[in-house]
Amino acid sequence: MGSFSFLNVARFESFSDLTESKNSPKSSFVFCGMGDRPSNFSFSDSETMQTTENLSSPLKPAKESHFLTQNPHLSELPPTQGFDAKHPPKQELIDTCVHCGFCLSTCPSYRVLGTEMDSPRGRIYLMDAINKSEAELKPATSQHFDTCLGCLACVTTCPSGVQYDKLISATRPQVERNVPRTLGDRLIRTLIFNLFPYPNRLRPFLVPLFFYQQLGLQKFARSTGLLPKIFPRLAAMDSILPEIVLDSFQDGFPDVIPAKGEKRYRVGMILGCVQRLFFHPVNEATVRVLTANGCEVVIPKNQGCCGALPAHQGQEKQAQAIARQTIESFANLDLDAVIINAAGCGHTLKEYGHILQDDPHYKTKAEAFSQTVKDVNEFLVEVGLTAELHPISEGELAIVYQDACHLIHGQKISAQPRQLLQQIPGITLREPVDAALCCGSAGVYNMLQPEVADELGQQKVENLVNTGAQLITSANPGCSLQIKKHLDLKGEDISLKHPIELLDLSIQGRKI
Ligand code: SF4
Ligand code: SF4
């Protein structure tokens, strides 16, 4: 893996450009080298897809730039195994891609790997080819879907409105059902999907991990440098493991927490799985901020994980089972909204209608549930803050907000956290270069594809640090773990907090 590759650099010029992009995507980016797009594809002997560059090739209309037209030899190939019949990526969605290549330079996997097949356009070509039996669904081809972070930057960028989110979420379960994985891959995935989405299963593992950290074994293991060489994925897990504290062993919230002052709303709160185990103070701060702003907070004890991890990795049945359980946990509670403070979870909770589309008993319930889900930043801006805010530092405090992909691209929430933070007296907000580029966390991506994730993590931290901010704020636990790891590796001692923790301090009148 070489150094971070800035290919055909096109970046968000500033946050205001980014906001504008929702209405006028074309005008919000600087595109360099549109003509540099790969224009020709072929299967190599190893049957993986490769690119060849044709620098002088002009942009072509969709029909002319069709994959098969460009690769006539493919029509001579015998029929191959394509997607199965269960919700393959829809051909009409694939056909909306005009192959313009605008999305390439905002795609993190393309920027690191530099291969067309690891870009949105390349993956759409690949889906098209598999749909038409011009390419097989097998490890050599599905690896290019595995390298996708699911960050959805391409959805924000695409001027043609291609719904890549729907395409990749239809493709991942196909890969899980139809493509055999290596033993190592199966083991790590079994571990992740049987442990991480279940806080009650994960919690007992925290005991040995607590002693692993407290007895200095983690430091020793890291100092030998052996783990990354022998088990790179286990090393990736270890590298983002936060400090286990006593709070990790209990939930500790009553079922109902009354509003302070006049009750304006009654809201449910999702605790998350990673959030409740490793970021308990964020959940506590969320409860305090909501109650201080007139919300009665209901926290059902029987809630589990939201299903984001299995859903983002195509573990369809597991995601469906978890979604049903979450819906039941929050049923009949007479809530105005269900609040979530983690970006990735919020995106999945809002997708329940899609996740349960084939379940006649839950489809309507799932759609109704998703309608009530609000990210905490989104909710607070909608209802307005009523609690008084105070400075959280002596003098001015420069902070930088890190956009989590599942907020900015997945839920189109980027202005709201900034609006809330700017209400805190004494805070100055700085904007990093490439604000909308993924940090490499992407759920469990940094455990499954650690090399790509590390390149992205290093670059993200460099951009955040270069703002000169004294504090970084991030609204997603995965991003926070990834950023903390790379801050430590860089030897930077900058605080990292959730925006809601800063609001909480401000309401309490406490200093950082
Ligand atoms: S996904 Fe959109 S931006 Fe990317 S190549 Fe297709 S049409 Fe162009
Ligand atoms: S979701 Fe992200 S990583 Fe995947 S193709 Fe789109 S921009 Fe690239």
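## Helix 6 and Thr 141

Thr 141 belongs to helix 6, which spans residues 139–146; helices (H or I, at least four residues) and strands (E, at least two) are DSSP runs, numbered from the N terminus. Thr 141 is buried because 23 other C-beta atoms lie within 10 Å, where buried denotes 20 or more other C-beta atoms within 10 Å of a residue's own, exposed 12 or fewer, and partly exposed the range in between, with C-beta atoms placed from the backbone. Between the C-alpha atoms of Thr 141 and Met 127, which are 14 residues apart along the chain, the separation is 9.6 Å.

## Basis of the model

This is a predicted model, in which local features need pLDDT of at least 70 and side-chain atom pairs count only at pLDDT 80 or more, while totals for chains, interfaces and linings use all residues. Residues are numbered from 1 along each chain as its sequence is written, and chains are lettered from A and ligands numbered from 1 in the order in which they are written.

## The shell around ligand 1

Ligand 1 is surrounded by 16 residues, of which the closest are Cys 97, Cys 100, Cys 103, Arg 121 and Cys 158; a residue counts as near a molecule if its C-beta atom, placed from the backbone, lies within 6 Å of it. The shell comprises 11 nonpolar residues, four polar and one charged, with Ala, Val, Leu, Ile, Met, Phe, Trp, Tyr, Cys and Pro taken as nonpolar, Asp, Glu, Lys and Arg as charged, and the others, Gly among them, as polar.

At least two shell residues come from each of helix 5 (120–131) and helix 7 (153–157), and helix 5, with three residues, gives the most.

## The mixed sheet and its helices

Five strands make up an open sheet of mixed pairing in the order 3-5-4-6-7, where two strands pair if DSSP finds at least two bridges between them. Strand 3 and strand 7 (373–375) are the edge strands, each pairing on one side only. Helix 21 (residues 376–383) packs on this sheet and touches strand 4, strand 6 and strand 7, its direction making about 90° with that of strand 7; contact requires C-beta atoms, placed from the backbone, within 7 Å, and angles run from 0 to 180 degrees between N-to-C directions of axes fitted to C-alpha atoms, for helices over the stretch in contact.

Strand 5 pairs in the antiparallel sense with strand 3 (residues 256–257) over two bridges, and in the parallel sense with strand 4 (residues 265–269) over four. Val 297 is the bridge partner of Ile 257 and stands opposite Val 267.

Conventions: Two residues are in contact if their C-beta atoms, placed from the backbone, lie within 7 Å.
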